[in-house]
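User: Hi! I am new to protein structures and would like to learn how to read their features step by step. Could you walk me through this one?

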Amino acid sequence: KASAIDPSILGDPRVTQYWDGGALTSSWFEQHVTRNGFPTYDIYFLYGSDAHWSNTPDPLLSSGTTVIARTQELSAALATTGSRTG
(Lines give C-alpha, C1' and ligand atoms only; values in the text may rest on other atoms or scores of the structure.)
Protein backbone atom coordinates (compact mmCIF):
# COMPACT_ATOMS: atom_id res chain seq x y z
CA LYS A 1 0.00 0.00 0.00
CA ALA A 2 1.44 3.37 -1.03
CA SER A 3 0.66 5.05 2.27
CA ALA A 4 2.89 2.50 4.03
CA ILE A 5 6.03 3.81 2.27
CA ASP A 6 8.07 6.00 4.60
CA PRO A 7 9.78 8.55 2.31
CA SER A 8 12.37 9.38 4.97
CA ILE A 9 13.94 5.91 4.65
CA LEU A 10 15.53 6.92 1.34
CA GLY A 11 15.80 10.63 2.07
CA ASP A 12 18.40 11.46 -0.59
CA PRO A 13 17.06 14.08 -3.04
CA ARG A 14 18.31 11.93 -5.95
CA VAL A 15 15.94 9.11 -4.95
CA THR A 16 12.50 8.88 -6.48
CA GLN A 17 10.05 6.35 -5.08
CA TYR A 18 6.93 5.27 -6.94
CA TRP A 19 4.03 3.05 -5.96
CA ASP A 20 3.28 0.51 -8.68
CA GLY A 21 -0.06 -0.83 -7.48
CA GLY A 22 -0.88 -2.38 -10.87
CA ALA A 23 2.62 -3.90 -11.24
CA LEU A 24 3.09 -2.21 -14.64
CA THR A 25 6.70 -1.17 -14.13
CA SER A 26 7.45 -4.24 -12.04
CA SER A 27 6.35 -6.47 -14.90
CA TRP A 28 8.17 -4.42 -17.53
CA PHE A 29 11.47 -4.54 -15.64
CA GLU A 30 11.06 -8.29 -15.14
CA GLN A 31 10.46 -8.86 -18.84
CA HIS A 32 13.24 -6.56 -20.08
CA VAL A 33 15.90 -6.23 -17.39
CA THR A 34 15.89 -8.84 -14.60
CA ARG A 35 14.20 -11.69 -16.54
CA ASN A 36 13.83 -13.79 -13.41
CA GLY A 37 10.15 -14.71 -13.67
CA PHE A 38 9.01 -12.52 -10.77
CA PRO A 39 7.74 -8.94 -10.62
CA THR A 40 10.68 -6.63 -10.05
CA TYR A 41 10.25 -4.55 -6.92
CA ASP A 42 12.30 -3.34 -3.95
CA ILE A 43 15.31 -3.07 -6.21
CA TYR A 44 17.52 -0.27 -7.36
CA PHE A 45 18.93 0.21 -10.85
CA LEU A 46 21.78 2.70 -11.20
CA TYR A 47 22.64 4.21 -14.55
CA GLY A 48 25.35 6.78 -15.24
CA SER A 49 25.01 10.10 -16.97
CA ASP A 50 25.91 8.47 -20.30
CA ALA A 51 22.99 6.04 -20.09
CA HIS A 52 20.37 6.11 -22.80
CA TRP A 53 17.04 4.43 -23.25
CA SER A 54 16.32 2.57 -26.47
CA ASN A 55 14.60 -0.78 -25.93
CA THR A 56 15.97 -0.94 -22.40
CA PRO A 57 18.03 1.47 -20.32
CA ASP A 58 21.74 0.91 -20.86
CA PRO A 59 24.40 0.63 -19.56
CA LEU A 60 23.44 -0.60 -16.10
CA LEU A 61 26.16 0.29 -13.60
CA SER A 62 24.76 -1.40 -10.51
CA SER A 63 21.61 -3.00 -9.17
CA GLY A 64 20.59 -4.74 -5.99
CA THR A 65 17.75 -6.02 -3.90
CA THR A 66 16.48 -5.39 -1.36
CA VAL A 67 17.24 -1.68 -1.38
CA ILE A 68 17.69 -1.46 2.38
CA ALA A 69 19.85 -4.59 2.49
CA ARG A 70 22.07 -3.16 -0.26
CA THR A 71 22.40 0.38 1.13
CA GLN A 72 26.20 0.20 1.49
CA GLU A 73 26.59 -1.29 -1.98
CA LEU A 74 24.38 1.44 -3.46
CA SER A 75 26.26 4.16 -1.57
CA ALA A 76 29.57 2.88 -2.91
CA ALA A 77 28.21 2.71 -6.45
CA LEU A 78 26.85 6.26 -6.18
CA ALA A 79 30.22 7.51 -4.94
CA THR A 80 31.97 5.84 -7.87
CA THR A 81 29.39 7.14 -10.34
CA GLY A 82 29.71 10.65 -8.96
CA SER A 83 33.45 10.64 -9.47
CA ARG A 84 33.09 9.32 -13.04
CA THR A 85 30.44 11.77 -14.11
CA GLY A 86 31.89 14.82 -12.42
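Analyst: Happy to! Let's start with a charged residue: E30 is buried but has no salt bridge, and the nearest side chain of opposite charge, R35, is 7.3 Å away. Buried means under 20% relative accessible area, exposed over 50%, and partly exposed in between, using a 1.4 Å probe and protein chains only. For charge, Lys and Arg count as positive and Asp and Glu as negative, while His and the chain ends are not counted. A salt bridge is a side-chain nitrogen of Lys or Arg within 4 Å of a carboxyl oxygen of Asp or Glu.

User: Thanks! What should I know about the model and its numbering?

Analyst: This is a predicted model, in which local features need pLDDT of at least 70 and side-chain atom pairs count only at pLDDT 80 or more, while totals for chains, interfaces and linings use all residues. Residues are numbered from 1 along each chain as its sequence is written, and side-chain values use heavy atoms, with hydrogens and water left out.

User: Where is E30, and which residues does E30 touch?

Analyst: E30 sits in helix α1, residues 24-34. Helices (H or I, at least four residues) and strands (E, at least two) are DSSP runs, numbered from the N terminus. Contact means heavy atoms within 4.5 Å. Leaving out residues up to four places away in sequence, E30 touches R35, N36, G37, F38, P39 and T40. A polar atom of the E30 side chain also lies 2.8 Å from the backbone nitrogen of G37.

User: In what order do the elements of the chain run?

Analyst: Reading from the N terminus, the order is α-β-β-α, so to speak a list of two helices and two strands. Of the 86 residues in the chain, 16% count as buried. Among contacts with a separation of 6 or more, 28% are accounted for by residues 24 or more positions apart.

User: Which residues are closest to the centre of the largest pocket?

Analyst: First, the idea: on a 1 Å grid over the protein atoms alone, a pocket is an open set of points with protein on both sides within 12 Å along at least five of seven lines, and lining residues have an atom within 4 Å of a point. Grid points are joined across faces, edges and corners, and a volume is the space filled by probe spheres set on the points. Here the largest pocket holds about 1600 Å³ of space. It is lined by 38 residues, and T16, Q17, I43, Y44 and V67 are the closest to its centre. The elements giving two or more residues to this lining are α1, β1 (43-53) and α2 (71-85), and α2 gives the most, with seven residues.

User: Which peptide bonds are cis?

Analyst: Look at omega. The bond from D58 to P59 is cis, with omega near -5°, and P59 is in strand β2, residues 57-65. The bond from T65 to T66 is cis too, with omega near -10°, and T66 lies in the loop between β2 and α2.

User: What is phi for A23 and for D42?

Analyst: A23 has phi near 60°, a positive value in a residue other than glycine. A23 is in the segment before α1 and is partly exposed, at 25% relative accessible area. For D42, phi is near 50°, again positive in a residue other than glycine. D42 is in the loop between α1 and β1 and is partly exposed, at 39%.

Key:
Polar contact = N/O pair within 3.5 Å; in protein donor to acceptor, adjacent residues only side chain to side chain. 1 Å grid on protein atoms, 1.4 Å probe; cavity = no way out; pocket = protein on both sides within 12 Å on 5 of 7 lines; lining within 4 Å.
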